[in-house]
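Please keep the sequence and the structure open while reading.

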Amino acid sequence: MDALRSMWVEPRPANPPDSGTRDKALIAALVGWSVLEAVFRHHLAPRPLLLLATVVAVAPLWWRRSHPLRTVAVAFATLTAVDIGRIVTDERGQLPGSVSATLVLTYSIFRWGSGREAAGGLGLILVWLSTTLVAESTNLAETVAGYAFFLFAAALGAAVRYRARIRLRDIDQAKTREREQLARELHDTVAHHVSGIAIQAQAGRAVATTHPERAIEALATIEDAATRTLTELRAIVGVLRTPQDTEFAPQPGLAEVEGLANGVRGRPSVEVTVSGEFHDLSPAVGAAIYRMAQESITNARRHARHATRVTVAVTGDADQVRLTVEDDGSSGLVGRTPAGYGLVGMQERATLLGGTFRAGPTTDRAWRVEAVLPRTGTPR
């Protein structure tokens, strides 16, 4: 009962895609099919019924995602009326093959409709199916096959719907994990700065009376550290953080990127190049560069078929830092971590820091990851 209640209150999937070129091609193909049948096939229903059946079966396809229940109601209610008329008048001519578009509508009501819409649509479909099988004078095998086709279309729509929902949930979880990781790193950096401020303040108080000039130097150091801390605090605002055990120490950053080449043994080999200006680089950006480089190297080793080399290049200028990771293997499933959403996490990290991220195959079928981050790491 709980499962049925859950299905009944299921809302529509969010953001269904708009109709496009493929929908136009499908509708054109079905209309063309009906025209050819009308010209070359015999024993069809009268032309007015053929035209009506074609229109009500094909035209609603354009709105099947945005208005799934309405399209099913218009199509199947009209076709039911047509079949009732055929039974009453004893007109046994067959309807055009374009009526098979009703399978697409059946799929759509379960893929894009709410739970209530799917239940109501299924009722209309079963009523029409019972009527049309009588109008077509089918035998037992044809009747069973007819129900099987439509139930399969409904099951397929529901399966695709729930698979898409699970995928969206996994993507959200991957983004949340990345936000939490970034928040922890920012927290640790801020804690490190605050500890330094406290130490400098204590030292300044200790020498204030005997060596005023050293106290002034301590104040200058405190001012600089406080400025950095405020920058990191601005970065942490808006980044969700769940309570977890945290080490109050600086996170791996740009200085550790070159060590990634030494930390990887065997094939593919890893070459790291760091060039440019990195003075006053935000620790959050340095940590992000390190994490994305590490993730990209791991993905290349796991998934790049026949790869012999992975190159990591980090370049910095006055405004931004660019990370490029490229391997010489076949792309295959590169970028997919065991959880399946490594690229999602890197994309989320880059976005949170106000940067851009791209990943995909190159012209020679290798794989390239490229991230550009502002030096300040200002989140969006």
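## Basis

The model is predicted.

## Aromatic cluster

Two aromatic pairs are present in the structure. In one of them, the ring centres of Phe76 and Trp128 are 5.4 Å apart and the planes meet at 70°, so this pair is edge-to-face. Phe76 belongs to helix H4 (residues 68-88) and Trp128 to helix H6 (residues 115-135), so the contact ties together parts that are 52 residues apart in sequence. Phe76 and Trp128 are both buried.

Trp128 also pairs with Phe150, again edge-to-face, at 5.5 Å centre to centre and 70° between the planes. This pair links distant parts of the chain, with Trp128 in helix H6 and Phe150 in helix H7 (residues 140-207), 22 residues apart. Trp128 has a relative accessibility of 4% and counts as buried because the cut-off is under 20%. Phe150 is buried as well, at 10% relative accessible area.

## Charge over a ring

Arg111 places its charged end over the ring of Trp112, at 3.9 Å from the ring centre.

## Strand pairing

Strands S1 (residues 269-276) and S2 (residues 309-316) pair in the parallel sense, over eight bridges. Within this pairing, Val272 is opposite Val312 of S2. Together with helix H10 (residues 283-303), S1 and S2 make a β-α-β unit, and this unit is left-handed.

## Salt bridges

There are six salt bridges in the structure. One of them joins Asp83 and Arg86, whose closest N and O atoms are 2.7 Å apart. Both residues lie in helix H4, and because they are three residues apart, about one helical turn separates them. Asp83 and Arg86 are both buried. Asp23, Arg64 and Arg65 are linked in a network of salt bridges.

Strand S5 (residues 367-374) contains Arg368, and strand S3 (residues 320-327) contains Glu326. Glu326 and Arg368 form a salt bridge with closest N and O atoms 3.1 Å apart, so parts that are 42 residues apart in sequence are tied together. Arg368 is partly exposed, with a relative accessible area of 36%.

Arg358 counts as exposed at 56% relative accessibility, whereas Glu370 counts as buried at 16%.

How values were computed. Residues are numbered from 1 along each chain as its sequence is written. This is a predicted model: local features need pLDDT of at least 70, side-chain atom pairs count only at pLDDT 80 or more; totals for chains, interfaces and linings use all residues. Side-chain values use heavy atoms; hydrogens and water are left out. Rings of Phe, Tyr and Trp (its six-membered ring) pair if their centres lie within 6.5 Å; planes under 30 degrees apart count as stacked, over 60 as edge-to-face and the rest as tilted. Helices (H or I, at least four residues) and strands (E, at least two) are DSSP runs, numbered from the N terminus. Buried means under 20% relative accessible area, exposed over 50%, partly exposed in between (1.4 Å probe, protein chains only). A charge sits over a ring if NZ of Lys or CZ of Arg is within 6 Å of the ring centre and within 35 degrees of the ring normal. Two strands pair if DSSP finds at least two bridges between them. A crossover is right-handed if, with the strands pointing away from the viewer, the path from the first strand over the helix to the second runs clockwise. A salt bridge is a side-chain nitrogen of Lys or Arg within 4 Å of a carboxyl oxygen of Asp or Glu.
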